[in-house]
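Colleague: Could you take me through one part of this model in detail? I would like to look closely at the aromatic rings and what surrounds them.

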Amino acid sequence: WYVLISFTKSNIMKKVLLLTDKPFAQVAIDGIQKVVTDAGYELKLCEKYGTDMDRVKRVAADVDALIIRSDKVTPEIMDAAPNLKIIVRAGAGYDNVDLDAATQRGICVMNTPGQNSNAVAELGFGMMVMAVRNMYNGTSGFELKGKKLGIHAYGNVGRNVARIAKGFGMEIYAFDAYCPKEAIEADGVIPVDSAEALYETCNVVSIHIPATPGTRMSINYNLLNRMPKNGLIVNTARKEVINEIELVKVMEDRPDLKYVTDIMPDDHAELVEKFTGRYFTTPKKMGAQTAEANINAGIAAANQIVGFFKDGCEKFRVNK
Ligand code: 3PG
């Protein structure tokens, strides 16, 4: 009986670890706690762990589920958590999870698409306005109204960018190799056939492609140099999608171009030194850092974990 009771207890009392180096807003943590507790599970919390991977491995040792943000989940962490059955990336991009390693270990990986995309899109516009107003240095800048905006990848963030851009009175173009043209047109956005055409056409390009082996460093000199005079590149996606060496080269050759990003480039110091007034980065990726986005993505992640354990629901699974 003892064995049966402890087996049943361990089976019911799942442990969910909220592993977020960049913490969620408290209101989101409270919401996650409620979903997890209502399901009869226990919530553990590990925030701001920095480079202390031993701490992460220790706290993950007895957990069945992980909720993460941009936190890297390596094979070592998976091995340190032998009960782990599901990882939910509370957000869109899951390039921080070793999917093959998860699949090999029978771990389901999910994301929560769309839950934080308005927050990212709004930040993109904040940086856009700042850049066309010369980083708020008091000199005369440009307006966004009437300018051509290129949306590079028309997913959840791209759609929100389009919605906001309409309010600014921009002419909106999009390139997405996977999204049907009709779907883009249905939003009043002009689809173009290639990334080249997008960069050639648009005064401002907002980048929303995910970091995959196929997109890494794909935004290069050739593409950026096609932009019209005074072109502005806004990156709220991933630093990996830009070829940073070629970005520096094109900004040297084209003193009219500006680059604003929510993901600090590896060569940040060089960009600061060379391109004063033409380059800006947030100190820490903060596109999804709003209470609303934290609540939406965090609670969706918690619900997906409960659905997975209670009903076997694998909607939003990203590793097959
Ligand atoms: C995402 O992929 O969802 C965004 O880049 C936000 O990432 P974050 O949760 O690390 O802020």
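Modeller: Start with a rule: a charge sits over a ring if NZ of Lys or CZ of Arg is within 6 Å of the ring centre and within 35 degrees of the ring normal. Keep in mind that this is a predicted model. Now look at K14. Its charged end sits over the ring of F309, 4.8 Å from the ring centre.

Y41, F308 and F309 form one aromatic cluster. To count pairs, we ask for ring centres within 6.5 Å. By this rule there are four aromatic pairs. Take Y41 and F309. Their ring centres are 6.0 Å apart and their planes stand at 90 degrees, so this pair is edge-to-face; the cut-off for that label is over 60 degrees.

Where do the two partners sit in the chain? Y41 is in the loop between α2 (26–38) and β2 (42–47), while F309 belongs to helix α13 (residues 291–311), so the pair ties together parts that are 268 residues apart in sequence. Next, check how covered each one is. Buried means under 20% relative accessible area. Y41 has 6%, so Y41 is buried. F309 has 22%, so F309 is partly exposed.

Now move to another pair, F125 and F168. These rings are stacked, with 5.0 Å from centre to centre and 20 degrees between the planes. Stacked requires planes under 30 degrees apart. F125 lies in helix α6 (residues 117–132) and F168 in helix α7 (residues 156–168), so this pair ties together parts that are 43 residues apart in sequence. F125 is buried, at 4% relative accessible area. F168 is partly exposed, at 31%.

Leave the rings for a moment and look at the strands. Strand β3 (residues 65–68) and β4 run parallel, joined by four bridges. Within this pairing, A65 stands opposite I86 in β4. Strand β4 (residues 86–89) is covered on both faces. I86 and V88 are buried on one side, and I87 and R89 are buried on the other.

Definitions and conventions. Residues numbered from 1 in each chain as written. Predicted model: local features only at pLDDT ≥ 70, side-chain atom pairs only at ≥ 80, totals over all residues. Heavy atoms only, no water. Helix = DSSP H or I, 4+ residues; strand = E, 2+ residues; numbered from the N terminus. Buried < 20%, exposed > 50% of the residue type's maximum accessible area, 1.4 Å probe, protein only. Pairing = 2+ DSSP bridges.
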